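Here is a short briefing on one structure. It covers a helix, its packing partner and a strand residue.

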Amino acid sequence: MANDVVVIFAMDREAAPFRKLAKRGRLPVRVLVAGMGLDAAKRAAEGVGDAALVISAGFCGALNPALKVGDVLTCALNGDAVAAPALRSESPALPRNGRLLTVPHLVATPHEKRELRDRTAADVVDMEAAAVADVCASRGLSFLAVKAVSDTADTALSPRLVNLLAGGRVSPLKAAAAIIVQPSILWEFQRLARDTKRAAEQLAIALHAVVRSRPSVEPIA
């Protein structure tokens, strides 16, 4: 379908609140849930067809210590990724601009976040946007990254939780086993549920505003 806005998420819990808003508002948008990581994002982007605008959306980790859970940024890409134009608007309903770095793994410690911030000057980090941007660049499609902070620059994820989250979906049996071995991980699960819920809700509101504004974004050269 031509002239669609296509929004690519990694996980359903990122997409669910926006999917409801889009359906209620009858927005001209397709929602794709690709799975976590660069390969999954690339496969999804290769299937968007002749889209008018492709948005990589979802959670991100804050590198900028001024950012808090639920903050939403429309990002250019930093580091080795393809540069993408950021949305420019004075509307308070639209997300602020920022710089995004894509890496191939979960960034779990405040120390690693500080190192990435110092080295790249990026505001946030994710695991998918650069792959979507690369596909858009190869096809001359317009691209934006819209990301909501789900963990702050000083938030640490335990190694056990990182292992559980690596696939994007945690089975109840594995979660229960992890809690038995490491009871403190229960608090991490509770914090994660609270913070990702807020991030998904704020992301939905921001994406609704972006799609309704139909921003004019030049295709990536």
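## An enclosed helix and a buried strand end

Helix α4 (residues 129–139) is largely enclosed by the rest of the structure, because eight of its eleven residues are buried. Note that this is a predicted model.

**Helix α4**
- The buried residues of α4 are A129, A130, A131 and V132, together with A133, V135, C136 and A137.
- G140 follows α4 and has a positive phi, near 70°.

**Packing of α2 against α4**
- Two packed helices are described by the angle between their axes and the distance between the axes.
- For helix α2 (residues 38–46) and α4, the angle is about 35° and the axes are 8 Å apart.
- The crossing of α2 past α4 is right-handed.
- From α2, the contact draws on L38, A41, K42, A45 and E46. From α4, A131, V132, V135 and R139 take part.
- By class, this contact of α2 with α4 has six nonpolar residues, three charged residues and no polar ones.
- An α-helix has 3.6 residues a turn, so residues three or four places apart point the same way.

**A62 in strand β3**
- A62 lies in strand β3 (residues 53–62).
- A62 counts as buried because its relative accessibility is 0%.
- The C-alpha atoms of A62 and V124 are separated by 4.5 Å, though the two residues are 62 residues apart along the chain.
- Leaving aside neighbours within four places in sequence, A62 is in contact with L67, K113, D123, V124, V149, D151, T152 and A153.

Notes
Residues numbered from 1 in each chain as written. Predicted model: local features only at pLDDT ≥ 70, side-chain atom pairs only at ≥ 80, totals over all residues. Heavy atoms only, no water. Helix = DSSP H or I, 4+ residues; strand = E, 2+ residues; numbered from the N terminus. Buried < 20%, exposed > 50% of the residue type's maximum accessible area, 1.4 Å probe, protein only. Contact = heavy atoms within 4.5 Å. Axes fitted to C-alpha atoms, helices over the stretch in contact; angles between N-to-C directions. Left-handed = near helix turned anticlockwise from the far one by under 90°. Nonpolar A, V, L, I, M, F, W, Y, C, P; charged D, E, K, R; others polar.
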